[in-house]
Amino acid sequence: MNKQPIGIFDSGVGGTSIWKEIHMLLPNEDTIYLADSFNAPYGPKGKDAIINLSIKNTEYLINKGCKLIVVACNTATTNAIDYLRNTYNIPFIGIEPAIKPAALQTKNNTIGILATKGTLSSALFSKTSDMFASNKNVIEQIGEGIVQLIEGGKLQSKEMKTLLKAYLKPMIDANIDYLVLGCTHYPYLIPLLVELLPSHVKIIDSGEAVARQTKAILKKNNLLNIVSVDSNNHFYTNGDPKIMQSLLNSEFNVEYLDF
């Protein structure tokens, strides 16, 4: 199985931020990235709908021969990963907001979390927050509209800046010193966030940790590809391929897939 690809899915293009970290750490590994942009965002959908969409994405990747699947979507992880792990006989890597490092490193015990409604209202998020940040002042903010703007190719738009200013204001007023990004779309906002936040605020996302965990699980299951040098990386979307293409190097091609 070592030469089989790693499967990665997200509600859209945001999970390419996770793919980049995995590809950087594991350049030998073949990958298949699946963006369900037609159904983005997953955040406002109910748990049953999110599980059904995750099943659809998972079965497509399993049928493509994937040896491991990264659920590169916070909302899908928090709502569906237990079901996926109990149903399919391959390893799954999930994405959780990086509350733990923020809670451990904050100097003034005040952290901000920008995430989707589906993540912030999930049982897994509540459990993680209670475990690591129960004695912290946590400013939660639903990033309503952000995913839609990114999926619509409006990452650098005036609308995006206006939204972010409104969402960050309560956090800045509360004097956060860490901002946790709880959606894989959000790392693409970092240049804008740096511009809008006070200079002392540190921004944390989960990408690097997810890549390390992916490597560890592949190694544990003897699934690391130690043979190939040049990897094959395939990107599929049921949205506009140009949007994802704009976030990737020109060497990678994005294909439209009706799924």
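Reader: How much space lies in the largest pocket?
Author: About 630 Å³. A pocket here is an open set of points on a 1 Å grid over the protein atoms alone, where a 1.4 Å probe fits, with protein on both sides within 12 Å along at least five of seven lines, and lining residues have an atom within 4 Å of a point. The volume is the space filled by probe spheres set on points joined across faces, edges and corners. This is a predicted model, where local features need pLDDT of at least 70 and side-chain atom pairs count only at pLDDT 80 or more, while totals for chains, interfaces and linings use all residues. Residues are numbered from 1 along each chain as its sequence is written, and side-chain values use heavy atoms, leaving out hydrogens and water.

Reader: OK, which residues lie nearest the centre of that largest pocket?
Author: Glu96, Pro97, Ser206, Ala209 and Val210, out of 27 lining residues. By class, the lining has 13 nonpolar, five polar and nine charged residues (Ala, Val, Leu, Ile, Met, Phe, Trp, Tyr, Cys and Pro count as nonpolar, Asp, Glu, Lys and Arg as charged, the others, Gly among them, as polar).

Reader: And which helices supply at least two residues of that lining?
Author: H3, H4 (99-105), H6 (123-133) and H10 (207-220) each do. Helices are DSSP runs of H or I with at least four residues, strands are E runs of at least two, and both are numbered from the N terminus.

Reader: What about the second largest pocket, where does the largest share of its lining come from?
Author: From H3, with seven residues. That pocket holds about 150 Å³ of space, and Lys47, Ile51 and Ser122 are among its lining residues.

Reader: H3 again! Where is its kink centred?
Author: On Ala80, with a kink of about 65° (the angle between axes fitted to the seven residues ending there and the seven starting there). Ala80 also lines the second largest pocket, and Ala80 is one of the buried residues of H3 (buried means under 20% relative accessible area, with a 1.4 Å probe and protein chains only).

Reader: New topic: why is S9 largely enclosed?
Author: Four of the five residues of S9 (233-237) are buried, so the rest of the structure largely encloses this strand.

Reader: Which strand pairs with S9 over five bridges?
Author: S2 (31-35), in the parallel sense; strands pair if DSSP finds at least two bridges between them. S10 (254-256) also runs parallel to S9, joined by three bridges.

Reader: So what stands opposite Tyr236?
Author: Leu34 does, and in S10 the bridge partner of Tyr236 is Glu255.

Conventions. Buried means under 20% relative accessible area, exposed over 50%, partly exposed in between (1.4 Å probe, protein chains only).
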